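Good morning, colleagues. Please look at the sequence and the structure as they come up.

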Amino acid sequence: MATIIIYYSQGGTTDIVAKTLAKQLKASSVRIHDLKNREGYKNKLFASINAFREVKTDIAPEKVDISPFDTVIFGTPTWAGNPTPAILTIIDRCNLTGKDVILFATMDSGRGETNIARLEEKVKMRGARVIETFTIATKNKSPEKLVNDTEAIIEMKDLKMYTR
């Protein structure tokens with residue numbers, strides 16, 4: 001079963017999780033870039049408001065061809081308890097009919113389950129079947145600890161069985 005990981009990462013922690021998943025699951029990966037400036041206090045405040053309101057944003061790449069893949073993994077940080085505008089935008093551009101989907105959310109201070117619940121609603125509306133979800137706390141963790149935590153989740157959730 002071919003697997004692709006589609007994710008957004010601003011600060012780099014979600015990138016570490018996604019790259020660890022890709023390596024361990026032998027999956028392809030695509031990092032989505034938000035073309036709107038999200039740096040600085042003011043921009044981060046507006047980013048959280050945009051996430052709460054589910055405002056779409058300009059992204060690169062604009063689309064991802066998921067047709068060759070059986071399983072799609074979507075990953076995003078948690079902003080104000082919600083998925084990021086970039087990941088919501090790419091989900092809305094994917095035909096997920098008949099796809100198995102795994103969802104993950106990274107979080108500094110919690111509310112990852114709220115993020116996952118909203119992601120689950122979104123992908124199901126696009127025709128997907130959610131087969132697994134997980135959150136991972138990232139606050140004050142070294143890259144090595146994030147890799148170790150991700151590998152532990154892969155084992156605990158037996159994620160390799162979805163990608164063989």
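Let us begin with D15, which has a relative accessibility of 10% in this predicted model. D15 therefore counts as buried, since that value falls under 20%. Its salt-bridge partner is R31, and the closest N and O atoms of the two are 3.6 Å apart. Is R31 buried, exposed or partly exposed? R31 is partly exposed, with a relative accessible area of 27%.

I turn next to a pair within a single helix. R118 and E121 both lie in helix α4, which covers residues 112-125. They are three residues apart, about one turn of the helix. Their side chains meet in a salt bridge, with a distance of 2.5 Å from N to O. E121 is partly exposed, at a relative accessible area of 45%.

A further pair is K160 with E155, where the closest N and O atoms are 3.9 Å apart. This still counts as a salt bridge, because the cut-off is within 4 Å. E155 is exposed, at 54% relative accessibility, whereas K160 is partly exposed, with a relative accessible area of 23%.

Finally, some salt bridges share partners: D15, K19 and R31 are joined in this way into one network. For the model as a whole, the count comes to 10 salt bridges.

Conventions:
Residues numbered from 1 in each chain as written. Predicted model: local features only at pLDDT ≥ 70, side-chain atom pairs only at ≥ 80, totals over all residues. Heavy atoms only, no water. Buried < 20%, exposed > 50% of the residue type's maximum accessible area, 1.4 Å probe, protein only. Helix = DSSP H or I, 4+ residues; strand = E, 2+ residues; numbered from the N terminus.
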